[in-house]
Amino acid sequence: MRKDLQARRAFVRTMVAVAMASLVPLGAAQAADPVKVGLMLPATGTFAALGTAISNAFRLYVEEQGGTLAGREIQYATVDDESDPAKATENANRLVVRDRVDVLVGTVHSGVALAMARVARQRDTLFIVPNAGAGDLTGSLCAPNLFRTSFTNWQPAYAMGQAALERGAKSAVTLTWNYAAGQEAVKGFAQAFEAGGGKVVRELALPFPNVEFQAYLTEIASLKPDAVYVFFAGAGAAKFVRDYAAAGLKDSIPLYSSGFLTDGTLEAMGGAGEGLITALHYADGLDNARDQAFREKYQAKYGIAPDVYAVQGYDAAQLLHVGLEAVGGDVRKKAEMRAAMRAATIDSPRGAFTLSAAHNPVQDIYLRRAEGNQNLVIGIAAEKLADPAEGCNM
Amino acid sequence: MDLTTFLIQVLNALQYGLLLFLVASGLTLVFGIMGIINLAHGSFYMIGAYMAFVLTSMTGNLMLAIALGIPLAFALGALLEKLLFVHLYKRDHLEQVLLTYGLILIFEELRSLAVGDDVHGVAIPALFSASIPLSETLSYPVYRLVISAVCVVLAVGLYVLIQKTRLGMMIRAGSHDREMVQALGIDINRLYMIVFALGVALAALAGMLAAPVSSVYPGMGASVLIISFVIVVIGGVGSVWGALVAALVIGFADTFGKVLVPELAGLAVYLVMAAVLLWRPEGIFRKG
Amino acid sequence: MIPASISIAFRIAALLALAAFPLVGSEFYAEVVAKILILAIFAMSLDLLVGFTGLVSFGHAAYFGIAAYAVVLFSPPFAAANLWWVLPASMAVAAAAAFVIGLFVLRTKGIYFIMVTLAFAQMTYYIFHDTALGGGSDGIYLDLKPDATVAGITPFDFAEPLHLYYFVLAALVAVYVFLTLVLRSPFGRVLVGIRSNEHRMRSLGYATFWYKLAAFTLAGGLAGLAGFLYAVLFGFVTPEYLSWHKSGDVLLMVILGGMGNLAGAIAGAFALVGLQELFSDWTKHWQLLMGGVIVAAVLFMPGGLAALPGRLITLLQKRSGRG
């Protein structure tokens, strides 16, 4: 049960009666009090499974440390963001203004995360992003209080562009949903691909989240490029890969993508995804002890295998731990805490990574091949890749 | 665009339009004959798709799943009519809008509780899993052609049902004058139940047929609801023939909109609708 | 019936409570109440159509959203627009859109009207969703809230939550009073006449189409006021503001509160958001409860919340009469 339940019930009664309510603001946090972590993640809707994975892994790390970080107990306040940008500011305020959390963690959807960044900046609250890949978060909106333990949309796409060249492609068509994430990914791919002498012959885009692909597949077939790069995730990804295979294109034109195409969607592709090559900062079958230990513990506790989202959530907790250790658990020492986090090396299941000046991971991007329901690592597409962090002046 | 590509795009447009017709036909029947505005129609499409997923994983065969799913959907429709919609005939449209809006929320959450929020795929029956090569790079999946064929058969079937059978005669009479039909000794309540259940079954069938190509996912009902509305508006309320023409028009507008004016792809359909409304405010094939 | 004096006293008490709320309540909930007040304006604007003119528009969110986009697009990048021109301009854009769409949709009636208003709202939704005009499906931010400076004096500052709250409250009262006056005017009486029998009004010589178009445009402009305030409150606009869910929600507020009753529309806004808050606290499947309430309200509560006190009093009178 959430701690604030009673206050909210009281509020609701008040509203319905259109009368007054008296809600006493919570007192300022004392050093002996728990550290309040606000988890703003999707619990319903398309991204529900991703939100659950992040939340599970975050809690797993804290439990491994005995429920405390740097001697301070960790207390959670949670909000279901429903991946709805229209409610994002209000939901972020629930945690930051109403619950006065010490650190805000979230979320999956980039649009929601952008709204959270604005709220966190106004209140100077520490904000850790465990997934959303919008370039702006560690670009034009970069800030001392904002950290990311995941990726930028640009990173895996850029790596995939290099890998596509190495695999012999000279011309490519790109296809994505026409939204920021897709545009950023296509830009990353094209940058790497054209820098190495390749040519993107056509950039196709369809409105998000439209899934009627047939007209575009016909276009691709008539253009006959050496490779196709796409950015899709979730239901759209599953449908696209099925349609691509059913149109007979899979055998003649290699399909490349950022790893989200095949993460958690291979089962829904029903075999059509077999053999797809994707790039991401995590993969199945990594040869590293940290990853194996993490996978075992996660599997034992939650009964399902962890995924890239779980890893990002786990690392968000690790990063917070580094910060709290540096100040002996005193979250009021903001500058020191942030400096320590900026300098951290995170021993992640994906392999150790550091943070860039813009607070985004500098990490290896793996090349993976889909086999069964796994994305097995087959190599490294780009080593220690840092996002260019356009527009960040920090 | 060369000729082959153009012809393939025409095929795409036809195939998409026919599937839209299947969804919209049930909606236009319920609108036209019962005078009920049913926002939950998209939910029935979603329920059909999820039934295809669940029943296919249980029986191992989509065709068997569809054979089981149609009577289930029909029964669901009959039950809903008896429990809820029967109270709506004498209410105004506003209350129908609200009640069916509430049903959307309920069905979506029940779906979430029963099956979860993950994306699932449904296997194409082995019989239809092949593709026909159309050009040196592009093939056309046989299953998509099967969907189109089923839609054509259903369109003809509906035409025969409404124009040539006794049930169809009662339906046509009922849509013109409820009291008169009752006076003639026809059980109008039972007739309405059948029509409503038929509408639900049509939407569910569309969902079941589309499941293998679209996958099943949360919120899939909402996407077809609005487009079905547009089709009914363009075609004319209650006209099955109009729905067919309108669905094909929309199929073409959408497909060629994407190819020719990609930046306005989502709008093409609505521009067509506005043009039709300007020309004929009550749809192309408004009867009576 | 409830005596008018009690009714008026209740309204004044409610207004005083709303005015005092941010002084005693928490900052977060003051923002929630401000949001509800804005939605109440939105609901009243729709009630003018649904409750008083008999036009069931299922696309009212379009005008709300258009004005919300207008304020962002009219504001220079990284600078504040002046309130005193951007507010009327945003409302005017919304009203103009309602006028143009009204020319189309008012040619239809009944079920058609519902569907066509919905379809046109979807069209405006896709204009913002699919084109680069307002950031596409990602939405767009309002960098700075409008500046209220007039003739060198800045009477209030929207960056102050309290100032914004009272501006919203004042707007609500203004719209309430304005619509009350409109409905008492000859124009308003024609609208109500159209609702009960358009045929008769036309045979009496009224050009009902133009009356309906005027009401549609006015309602669009007032929905625009709500959209403007909403964008200013949250500093962010997405195509979802124009979605049919938003249109459905506002229609629900009107029905829950009781059609054809301005105070009811306000109560409906409080009730709907209140229920959402309450249910989403209980379970993540709160929409199931919401759906149940909607279905039950349609089946068992004709007349909405506004009819409740009257029905209760009637019930009590019956009881006491018997006893």
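I looked up the domains first: the C-alpha centres of domain 1 of chain A and domain 2 of chain A lie 31 Å apart. The bounds come from an automatic or database domain assignment; domain 1 covers 5–151 + 288–359 and domain 2 covers 154–280 + 367–385. I noted that this is a predicted model, in which local features need pLDDT of at least 70 and side-chain atom pairs count only at pLDDT 80 or more, while totals for chains, interfaces and linings use all residues. Residues are numbered from 1 along each chain as its sequence is written, and chains are lettered from A and ligands numbered from 1 in the order in which they are written.

Domain 1 of chain A gives 9 residues and domain 2 of chain A gives 11 residues. On the domain 1 side I found 4 nonpolar, 4 polar and 1 charged. Here Ala, Val, Leu, Ile, Met, Phe, Trp, Tyr, Cys and Pro count as nonpolar, Asp, Glu, Lys and Arg as charged, and the others, Gly among them, as polar.

**Chains C and B**

I found 36 residues from chain C and 36 residues from chain B in their contact. On the chain C side, α5 (110–130), α9 (244–257) and α11 (286–300) each give two or more residues. The largest share, 14 residues, comes from α5(C). By class, I recorded 24 nonpolar, 10 polar and 2 charged residues on that side.

**Chain A overall**

I counted 13 helices and 15 strands in chain A; these are DSSP runs numbered from the N terminus, helices being H or I of at least four residues and strands E of at least two. The C-alpha atoms of chain A fill a box of roughly 65 × 50 × 45 Å along the principal axes. Of its 394 residues, 62% count as buried, meaning that 20 or more other C-beta atoms, placed from the backbone, lie within 10 Å of the residue's own; exposed is 12 or fewer, and partly exposed is in between.

**Backbone checks**

Most residues other than glycine have a negative phi, and most peptide bonds are trans. I found a cis peptide bond from A:G106 to A:T107; A:T107 is in the loop between β4 (103–105) and α4 (110–123) of chain A. A:D124, not a glycine, has a positive phi of about 55° and lies in the loop between α4 and β5 (126–129) of chain A. A:D124 counts as exposed because it has 12 C-beta neighbours inside 10 Å. A:K384 has a positive phi near 40° and is found in strand β15 (residues 374–385) of chain A.

Definitions and conventions: Contact = placed C-beta atoms within 7 Å.
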